[in-house]
Amino acid sequence: MSETPSNHVTQLLVRWQQGDEAAVRELVPVVYGELRRLAQYYLQAERPGHTLQATALVHEAYVRLIGNEAPVVHNRDHFFAVAARLMRQVLVDHARARNAAKRDGGVRLSLSDIAGMPIATDEELLALDRALEELARIDERQMKIVELRFFGGLSSEATGRVLGISRATVDRDWATARLWLHREIRKSA
């Protein structure tokens, strides 16, 4: 995510938040390639034959992003974190829709390390989403770190900048959150 000049993206985001609709039109071509790479990263971990394509995932996240008022974002990294969260929500909503008729019997994700986890089925994505929702109730910062690191593909440094915390705190919370998620998902399996 280093090809786009950070200052230019940040300036466009500030203009957008100030109500400049032209800034949104300028922003999209500047960040589209990176958003598409982020979507491809997400979809690599999905089950084979997933019906969403990277382009559709980017477009759906974009529609959600501009659907309301301009989101409050502080910089380029924060923008991509918001986009990553929206893409996760799109994938979870897609999985829920596919499973609405099935109502699985409690299939749970089994993993040894969330950082390298492939998501093979919709049920596994839903199980991870349920675990993340529970983690958010316990420690919202840790849940945000998981979203930014795992789903957003951000480094510890970028995650720290987005959340306004040190890299050491990110690394400590990341390790704790992975252990907690692993335990919770194994316990529910």
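1. Helix α6 (residues 140–151) packs on helix α7 (residues 156–163) at an angle of about 135°, and their axes lie 10 Å apart. The two are therefore oblique to each other, since the roughly antiparallel class begins over 145 degrees. The crossing of α6 past α7 is right-handed.

2. Which residues of α6 and α7 meet? From α6 come Arg141, Lys144, Ile145, Leu148 and Arg149. From α7 come Ser156, Thr159, Val162 and Leu163. By class, this contact holds 4 nonpolar, 2 polar and 3 charged residues.

3. Helix α1 (residues 6–17) and helix α2 (residues 21–44) cross at roughly 150°, with axes that come within 8 Å. That makes α1 and α2 roughly antiparallel to each other, because the angle is over 145 degrees. Their crossing is left-handed.

4. On the α1 side, the contact is made by His8, Val9, Leu12, Leu13, Arg15 and Trp16. Ala22, Ala23, Val24, Glu26, Leu27, Val30 and Val31 supply the α2 side. The residues of this contact divide into 10 nonpolar, 1 polar and 2 charged.

5. A word on confidence. The chain has a mean pLDDT of 77, and 77% of its residues reach 70 or more. Residues 103–116 stay under 50 throughout. The model still gives that stretch 29 contacts beyond four places in sequence. Where pLDDT is low, predicted coordinates should not be read in detail.

Note on methods
Residues numbered from 1 in each chain as written. Predicted model: local features only at pLDDT ≥ 70, side-chain atom pairs only at ≥ 80, totals over all residues. Heavy atoms only, no water. pLDDT = per-residue confidence, 0-100. Contact = heavy atoms within 4.5 Å. Axes fitted to C-alpha atoms, helices over the stretch in contact; angles between N-to-C directions. Helix = DSSP H or I, 4+ residues; strand = E, 2+ residues; numbered from the N terminus. Parallel < 35°, antiparallel > 145°, perpendicular 65-115°, else oblique. Left-handed = near helix turned anticlockwise from the far one by under 90°. Nonpolar A, V, L, I, M, F, W, Y, C, P; charged D, E, K, R; others polar.
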